[in-house]
Amino acid sequence: MKPAPFEYFDPRTVDEAVALLETHGDDAKVLAGGQSLVPMLALRVARPAVVIDVNRVAGLDGLRQDGATLSVGALVRQRALERWAPERAPLLGTAIRHVGHAAIRARGTVAGSIAHADPASELPALLLCLDGSVVARSRRGTRTIAASEFFQGPLTTALAADELVTETRWTLPPAHAGWGFREMARRQGDFALVGVAAVVTIARGVVASARVVIFGAAPTPLRARETERALTGQAATATVLADAAQRATAGLDAVSDIHAPAAYRVSVTRTLAARALADAAARARETA
Amino acid sequence: MTSRTVRLRVNGVIHAVTVEPRRTLADVLREDLALTGTHVGCEHGVCGACTVLWDGEPVRACLLFAIQLDGASLTTVEGLADGDRLHPIQEAFWAAHGLQCGFCTPGILLTAKALLDENPQPDEQEIREAIGGNLCRCTGYHFIVDAIAAAARRRTSS
């Protein structure tokens, strides 16, 4: 189908963009890469009166690393992060190849995928796993929203109608940390049925820290806190890892839908958690 | 809704077109510029038939509004051949039977071109990953993969 008619604005500055959002708020949608919004317009699932195209807004295309903090401007395409990450942030570099296809990632933005907040998409889960945050601007000011607060439900976030995402921030794990990323999708590039991202550090054979996130199983990506607790301070043995993986679905009220029943999601999540943790432990470099 | 005039460079030729905001690039290419080689399948970014190149990167023409593209430089399937001489990727598809009905072919050719421009010697897995976003309901993909591999071999040997 064709999108319904809309009024189109293409502001050149963040100030202009947030002024438009203040005026049009609930009647407006922000257009960045358009890989989620435009299908919704075509299917008329979304029918905003106003589309605010931010692609020509200056100053939103920066990709900067400052120590452990990676700042990704709101217009950085997924493809740009994919090209930047493999050497510097291998978890991101590996996981981002599961986001759609090359033609989707060429236009799709990192921030757009996060603001869209599909529960089965990879980037929101990674933002949570890498203790990230979202920087949002409005006429009222700028605020930073932690990933743990940002995702509130399927396609629902803490962003207000007058707020524009200007940047996402990620905490890159230290070089000695191990990581694992596993997802189950019917075909390459499809949305995941479920997936797991894990970052583990090991010192003197003992797990010093663990951060494990599951996605696709619930309305938002979730920390697998029982798994993290079962690992931290324990020897990184195969038994401990396998036991911790079984706890990845503790307390989980898994989603059932046309793609998979809840019990299947629970079962696959545990299996993927075991594999992701085994990968992470194998990649972790010992520190003294 | 307010129409605007935008300038698009398509296959090296500059066109000025006046568009209302909701008109997709795919429709403008086909209807305003009569470049009907860009096919429209699903019209919501899933099938890949409308894939074109923007500054050499593959993009879905059904997920872009032409109004966004003032000044953009695009390549469509019509821009691949040099007069009557097929592009080497097109020739490889012809030689390897990489198409049957041809509906998905323009999008796959351009996806393959972008792949080979960035990665001149992809392995089979990389080829399959690259065309993962292009649906073909005829071939079963094997001959498409063969054709892209053959085009890669030819390019590196010449």
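Colleague: Let's call a residue buried if 20 or more other C-beta atoms, placed from the backbone, lie within 10 Å of its own, exposed if 12 or fewer do, and partly exposed in between. What percentage of the 158 residues in chain B is buried?

Modeller: Buried residues make up 44% of chain B. This is a predicted model, in which local features need pLDDT of at least 70 and side-chain atom pairs count only at pLDDT 80 or more, while totals for chains, interfaces and linings use all residues. Residues are numbered from 1 along each chain as its sequence is written, with chains lettered from A and ligands numbered from 1 in the order in which they are written.

Colleague: And how many helices and strands does chain B have?

Modeller: Chain B has five helices and five strands, taken as DSSP runs numbered from the N terminus (H or I, at least four residues, for helices; E, at least two, for strands). Read from the N terminus, the order is β-β-α-β-β-β-α-α-α-α, and the C-alpha atoms fill a box of roughly 50 × 30 × 25 Å along the principal axes.

Colleague: Which residues of α5(B) are buried?

Modeller: Helix α5 of chain B covers residues 142–157, and its buried residues include Ile144(B), Val145(B), Ala147(B), Ile148(B), Ala151(B) and Ala152(B). Viewed down the helix axis, the buried residues of α5(B) fall within an arc of 160° (the arc of the directions from the axis to the C-beta atoms), so they line one face of the helix.

Colleague: What sits on the face turned away, and what covers the buried residues?

Modeller: The face of α5(B) turned away from its buried side carries the exposed residues His142(B), Arg153(B) and Ser157(B). As for the cover over the buried residues of α5(B), it includes α2 (88–95), α3 (105–118) and α4 (124–130) of chain B.

Colleague: Switching topic, how many residues does each chain bring to the contact between B and A?

Modeller: Chain B brings 22 residues and chain A brings 26, where two residues are in contact if their C-beta atoms, placed from the backbone, lie within 7 Å. On the side of chain B that touches chain A, β4 (57–60), α3 and α4 each supply at least two residues, and β4(B) gives the largest share, with four residues.

Colleague: And inside chain B, what share of contacts with a separation of 6 or more joins residues 24 or more positions apart?

Modeller: Those residue pairs account for 60% of the contacts in chain B with a separation of 6 or more.

Technical notes:
The expected span of a helix is 1.5 Å times one less than its number of residues.
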